[in-house]
Amino acid sequence: MNRIASLLADFQAIAADPKKQLEKYLSAGKKVVGCMLYFCPEELVTAAGMVPFGLWGAEMIVTNAKSYFPSFTCSILQTILELGIKGEYDGISAVMVPLLCDSLKSMDPNWRYGVKKKIPVIPVTHAQNRKTRAGIEFTTLQYQGIRRQLEELSGRAITDEDIAAAVKEYNRHRAMMRRFSAAAGRHPELVSLPARNAVFKSS
Amino acid sequence: MTEKNTSGEKIPAKQRLKEIAEKVTREAWEAKKRGEKIGWCASNFPQEITTTMGIPVVYPENHAAAVGAKGGGQRMCEYAESMGYSSDLCSYSCINFAFTDIGECQELNIPLPDFLLCCNNICNCMIKWYENLAFKLDIPLLLIDIPRLSNFTCDDDRIRYIRAQFDDCILKLQEITGKTWDEEKFKKVMDISLRSSKAWLKAVDYAKYVPSPYSGFDIFNNMAVACVARGTEEAAEAFEQLAEEYEANVKNGITTFKGEEKYRVLFEGIACWAYLGFTYRTLRDFGINITSTIYGPAFSFLYQNVDELMAAYSYVPNCNCFEREVELRVKDAIAKKVDGAIIHMNRSCKNWSGKLYELERQLRLQAGIPTVVFDGDQCDPRAFSEAQFITRIKALIEIMEENRRKKEELNE
């Protein structure tokens with residue numbers, strides 16, 4: 001196996017078994033915060049010394065979550081809730097739920113009543129008039145509230161320097177992902193679509 | 001003040017309200033013909049802005065509901081699907097997409113807009129719907145973003161954000177329409193809107209009497225004005241007359257419900273406009289009257305000052321935090337002495353339907369009532385089954401009967 005194939009296999013293994021990755025973090029004594037789709041301020045989680053963990057559901061039969069979501073709800077949300085109710089995310093310190101779509105708005109109460117207090121919800125509200133001064137101020141205040149909640153969960157203060165370092169790290173990471181995406185697009189013979197998906201999912 | 005017709009007879013409030021709703025669309029047509037700029041407006045956009053500035057607007061949601069009630073829902077939804085829109089989208093939006101493309105509709109026509117006024121306190125689908133229109137028609141879109149409440153009350157951060165958008169929207173509307181803002185008129189509009197809201201709430205609350213002095217379906221027919229014209233004197237007067245009429249019905253022991261009120265229920269969700277007649281007749285024939293809906297509080301914006309006005313637009317159903325949504329229903333169900341609840345799992349409305357199963361459990365738990373859920377859609381008849389509706393209603397009646405029998409046994 002060449003180096004690219006070997007690396008892709010590693011990404012594939014991580015993407016195929018998020019539970020294993022979660023257990024790895026937890027057994028290492030790290031605190032983990034679940035991040036639902038899309039646009040959670042992961043930088044704040046990292047700045048708090050915790051691990052942001054993407055929740056993307058699974059391909060599975062939904063049973064318990066059907067008591068909360070109607071069948072025509074987005075399957076990603078149904079299966080995230082299903083996994084939550086079944087205890088697959090046990091050990092996570094909290095889940096962040098961005099209220100960016102109508103089904104995510106219902107995820108907030110459905111998670112609180114379905115999974116209950118063992119994993120608390122941190123709602124994430126973004127201003128939709130995001131470029132105005134009022135919109136920027138509102139989102140900033142929301143992020144400050146989330147910062148305080150994360151400080152409570154992690155048991156440590158988040159400094160401005162912590163945030164700056166996390167932003168720097170994420171900028172580097174995202175630049176690398178853009179570079180990978182462009183390179184993978186140029187070389188489909190080396191990186192198949194499922195492999196590309198696994199790289200993004202594992203990230 | 002009670003208006004009279006040419007024969008000197010009192011015009012019933014129901015008719016006055018119908019005429020006021022029609023007048024809103026008529027005035028928009030007339031303004032359009034005069035060359036004025038007219039807008040399309042989301043149902044829970046702060047109407048205080050447009051009323052104060054005298055800007056004519058029409059409401060695509062109300063238009064879609066009317067098209068649905070008149071039998072055009074499926075045709076228009078299928079047209080939108082043929083354009084490439086998903087059948088999973090809100091049927092109000094699909095009807096509107098179809099109407100915008102065709103430019104006319106046999107059920108009801110409204111003038112095409114020169115600008116769009118969007119507010120997402122009812123759902124985020126509104127934003128994508130109106131962005132789509134703005135792109136297709138190449139016209140300005142003004143959005144007042146009212147974030148869903150995560151806590152029981154609207155905090156100062158939200159109030160400040162909404163108020164800044166309110167001010168920004170007024171400036172942009174002045175540029176678009178050439179009309180001006182008058183602070184004194186705004187205060188007057190606020191006063192009238194409050195008067196309308198209180199009168200509407202008062203009228204709706206007469207359902208606490210047994211039997212109710214009105215049929216619950218009257219709410220579906222009368223609520224349009226509470227949405228589109230509550231800042232006008234004539235709306236306030238018509239709602240006050242409606243409350244007076246219901247009060248008189250209570251005193252005289254009469255009701256607009258055509259049948260014997262054997263059971264009283266809470267109806268959760270938007271009406272199935274395409275099956276309004278069928279659902280009305282079915283419930284009436286079983287002796288079921290709707291005495292509780294969210295439409296009373298939904299269109300009652302109660303405030304004493306500008307900050308409270310901003311907060312009031314956060315307290316609309318679907319923008320509230322879940323616990324506040326539950327409390328509204330439980331209090332109303334108890335006040336209106338309901339025997340059960342009928343819950344509409346509305347395929348169109350992901351925001352409303354997404355939390356209905358837990359809402360159902362909380363209603364059972366906190367109001368102590370039996371509930372049934374039926375599948376349907378606000379405007380697309382393909383998601384509704386007459387047989388399922390009847391089966392669910394019969395099941396509810398069985399439980400309500402059993403509960404009544406047990407209660408009587410306890411009292412003996």
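Guide: Helices and strands are here DSSP runs, a helix having at least four residues and a strand at least two. The model is a predicted one.

Visitor: How many helices and strands are there in chain A?
Guide: Chain A has eight helices and four strands. Their order along the sequence is α-α-β-α-β-α-β-α-β-α-α-α.

Visitor: And what is its radius of gyration?
Guide: The value for chain A is 18 Å; a compact globule of 203 residues would have one near 17 Å, so the two agree. The C-alpha trace spans about 45 × 45 × 35 Å along its principal axes.

Visitor: What percentage of the residues is buried?
Guide: Of the 203 residues in chain A, 33% are buried. As for contacts with a separation of 6 or more, 63% of them join residues 24 or more positions apart.

Visitor: Turning to domains, which are assigned?
Guide: Domain 1 of chain A consists of 1-29 + 159-203, and domain 2 covers 31-157. Their C-alpha centres are 21 Å apart.

Visitor: How many residues make the contact?
Guide: Domain 1 of chain A contributes 12 residues and domain 2 of chain A contributes 12 residues.

Visitor: Which helices supply the domain 1 side?
Guide: On the side of domain 1 that touches domain 2, α2 (18-27) and α7 (160-186) of chain A each provide at least two residues. The largest share, six residues, belongs to α7(A).

Methods
Residues are numbered from 1 along each chain as its sequence is written. Chains are lettered from A and ligands numbered from 1 in the order in which they are written. This is a predicted model: local features need pLDDT of at least 70, side-chain atom pairs count only at pLDDT 80 or more; totals for chains, interfaces and linings use all residues. The radius of gyration is taken over C-alpha atoms; the globule rule is 2.2 Å times the number of residues to the power 0.38. A residue is buried if 20 or more other C-beta atoms lie within 10 Å of its own, exposed if 12 or fewer, and partly exposed in between; C-beta atoms are placed from the backbone. Two residues are in contact if their C-beta atoms, placed from the backbone, lie within 7 Å. Domain bounds come from an automatic or database domain assignment.
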